[in-house]
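Colleague: Could you take me through the reading of a model, one feature at a time?

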Amino acid sequence: MVKLFVGHKGSGKTKRMVELANQSAREANGSTIFINKNSRLIYDLDYRIRVICMEDFVHVTNEDEYIGFLFGIISSDNDIETIYLDGVMKHADFSLEVLPSFINKLKEISKDYGIDFVVSISAELEEMVGVDFDNVELLN
């Protein structure tokens with residue numbers, strides 16, 4: 001399943017994601033991954049969470065490369081239960097126009113591999129034109 005935190009910068013999405021990630025890491029039987037732009041959250045997250053800083057992967061610059069990057073993570077760990085994508089609009093050259101395609105790809109990956117995605121998006125719901133919210137849970 002794909003779960004979304006939606007709202008503009010400063011609305012508390014990251015804080016809620018960190019709390020949810022820490023809770024899921026304590027309860028999970030498998031792996032929890034948290035992808036963030038930089039390493040500033042590393043000490044806020046439970047030690048069992050694998051933290052990936054996108055600043056370390058500067059060549060991931062668009063939607064296709066980002067999806068390939070996710071497949072690389074998935075292929076290296078068969079026990080992933082949840083992947084958190086914090087501030088995905090800052091990770092690569094994402095714009096509101098690519099969100100419908102990106103979210104659809106996440107839904108397909110989730111269905112095919114049994115992985116939940118929790119994504120924070122710095123935009124209001126009304127701005128996300130063209131996004132298919134079927135099988136997407138809004139967390140705020």
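Predicted model: local features only at pLDDT ≥ 70, side-chain atom pairs only at ≥ 80, totals over all residues.

Colleague: Which pattern does the protein chain follow along the sequence?

Modeller: Helices (H or I, at least four residues) and strands (E, at least two) are DSSP runs numbered from the N terminus. Here the protein chain has four helices and six strands, arranged in the order β-α-β-β-α-β-α-α-β-β. Its C-alpha trace spans about 35 × 30 × 30 Å along the principal axes.

Colleague: Is serine 11 buried, partly exposed or exposed?

Modeller: Buried means under 20% relative accessible area, exposed over 50%, and partly exposed in between (1.4 Å probe, protein chains only). Serine 11, in the loop between strand S1 (2-6) and helix H1 (13-27), is partly exposed because its relative accessible area is 35%. Of the 140 residues in the protein chain, 46% are buried.

Colleague: Which residues form the positive surface patch?

Modeller: Patch residues have over 30% relative accessible area and no salt bridge, and like charges are joined within 9 Å. In this model Lys9, Lys37, Arg40 and Lys90 form a positive patch. Lysine 37 lies in the loop between strand S2 (31-36) and strand S3 (49-53), and at 37% relative accessibility it counts as partly exposed.

Note on methods. Residues numbered from 1 in each chain as written. Heavy atoms only, no water. Patch = residues over 30% accessible without salt bridge, like charges linked within 9 Å, V, L, I, M, F, W, Y side chains within 5 Å. Areas by Shrake-Rupley, 256 points an atom, 1.4 Å probe, with all protein chains shown as cover. Salt bridge = Lys/Arg side-chain N within 4 Å of Asp/Glu carboxyl O. Lys, Arg positive; Asp, Glu negative; His and termini not counted. Charge placed at Lys NZ, Arg CZ, Asp CG, Glu CD.
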